[in-house]
Amino acid sequence: MPDPWESLHTTALLGTDRRPLPPPDRAGDSPAHQAVDRTDPATALLELAALETVRRRAGALPAPATGPLADPAPEDGRPELPAPAARRLSLLLGTRGSGAAATLANLPELLPQWLVTARARGHRPPAVLVPALLDAARARSELRPDAVALAGPLGRWLAARNPDWRFVLRTTAETPTGAAAPGDDHLWHEGLFAERVTHLTLLRRTDPAAGLALLRSTWPTERAEDRLLFLDALQEGLSLADEPFLEAALGDRSKNVRATAAELLSTLPGSTLAGRMAERARAAVRLSERGTHLLVTPPAECDAAMQRDGIPLKSPTGRGERAWWFGEVIAAAPLPLWQASTGLSPDRLLALRVGDSIDETDSSWADDLREAWARAAVRQQDAEWARALLGPPPAPAPDHRRARPPRATGAPAKLLSVLPPEERAAWTAAFIEVHGLGEAFQLLGACATPWTPPLSTAVVAALARAAASGAYPWSHSGVLGMTERALAPETAAAVEALAADTAPATAWAETFARLAGTLRFREAMLAELGA
């Protein structure tokens, strides 16, 4: 007799007009199945599927034992979560009634923060919640490293018995420092692509040489798109020991692989590619004899050697060819060369006029040069240059006029990411105090979470100004979405005061009330974990 569920599934795929429902007097059907009204085939199909679901879940009989019982799960020596934290996890996983808290907090967005904190505290979840935890990690791959680590040996024991949780067995084991545990190289040979990238990245954190050797062992047989992302993983622990491999990759058949290898080599000031780029950069930009100008002589052609070093012959953006080659050369040249060749600091170099000659200044060449230096600062993680390109933290205009946002040289958010976290937050707070939230979304995204109390205070004050100005909350929807996850919980009282002071039954009053509730939820969540 065919499987009733498969029969219904086929009918749903083909349509009831092409595949009729089974007759009501089919042998083996329960009275409930036979009583279904088949006047409307579509409705009848859903009712039969519901009945079959109940029968599959509740009517199955245990199969007879065919062998010895499985060994129990290994012991987990970690302390179990405190009872309040366990209840909070149950709420975040949706395994119990959400109540009022879920109407205030965007619960799925808070689960990653809970997992990171609980894992750092060395807790283990109650056994009853491990299946729901693994289901959540199955649906959201970004949760897997923390969820698998938190589930511990019980999670791996369960995964060996449920194909739906197979990903747990393929997830690289991690040490407390976040590095790959030894003996997991089978993932490199047998895992899915994302798992292989993760494994290589983790291995490079503690043993870069072993990671490079692993990549070398399969490099000739990898697909071009895979080679590209494997090269990205070499950023972890990158050193001159990787130079021979990357130099060889400059001859790869994939232009994207060649470009990535060149970019990695350009981040190593002592590499031969960096030296070649430095020679080209010195020929392209020089200090005038009087020291008042930077004189630009862009490359006249993109020869074969430049192309091998990762400079495309044609600009993908439609820019002029010489300007494109010029920007690529400057972005790949080691930043220390400028101070060494001119004796000037980044601040002083940026203050000089730029042109083709001593008598001509050209803002386009100045812009190209600044943009290329900004790319180099991000690529080489040079905080001094990033600081100089960003400029000092914004300050209010002395005449109280609205200050204009600084010129966006080289994506300020990327430059900001080069600075230490505290300095990043302070610069962004100053920007928001002067310019508001309109252009702050990417800057806030570059700041470490949770935001520092000064940055959180600046964001709350800017939200208050936006509400008072008559702006609509949805005009700041991106920032508001970030605030639920990133605002310091200590700002909850200030947000509650805003909610109380805002006209009731308005969009801002509802927004502030929801945000305050989320902050209180996070505050309690972290307190339960001892954070």
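## A first pairing

In this predicted model, Arg286 stands opposite Leu295 in strand E2. Strand E1 covers residues 285–287, and E1 and E2 pair in the antiparallel sense over three bridges.

Five residues lie between the strands of the E1 and E2 hairpin. Among them is Gly291, with a positive phi near 70°.

## The sheet

E2 also pairs with strand E3 (residues 353–355). Here the sense is parallel, again over three bridges. Leu294 stands opposite Val354 in E3.

The three strands make an open sheet in the order E1-E2-E3, with mixed pairing. E1 and E3 stand at the edges with a single partner strand each, so one side of each has no neighbour in the sheet. From one strand to the next, the twist averages 25°.

## Cover on the sheet

Helix H16 (residues 272–284) packs on the sheet. H16 touches E1 and E2, and its direction makes about 60° with that of E1.

In a regular strand, side chains alternate between the two faces of the sheet. Strand E2 (residues 293–296) is covered on both faces. His293 and Leu295 are buried on one side. Leu294 and Val296 are buried on the other.

## Confidence

The chain has a mean pLDDT of 87, and 90% of its residues reach 70 or more. Among the elements, helix H14 (residues 243–249) has the highest mean, 96. Helix H5 (residues 99–104) has the lowest, 52.

Over residues 175–183 the pLDDT is below 50. Beyond near neighbours in sequence, this stretch has 15 contacts in the model.

Technical notes:
Residues are numbered from 1 along each chain as its sequence is written. This is a predicted model: local features need pLDDT of at least 70, side-chain atom pairs count only at pLDDT 80 or more; totals for chains, interfaces and linings use all residues. Side-chain values use heavy atoms; hydrogens and water are left out. pLDDT is the predictor's confidence in each residue, from 0 to 100. Helices (H or I, at least four residues) and strands (E, at least two) are DSSP runs, numbered from the N terminus. Contact means heavy atoms within 4.5 Å. Buried means under 20% relative accessible area, exposed over 50%, partly exposed in between (1.4 Å probe, protein chains only). Two strands pair if DSSP finds at least two bridges between them. Axes are lines fitted to C-alpha atoms, for helices over the stretch in contact, and angles run from 0 to 180 degrees between N-to-C directions.
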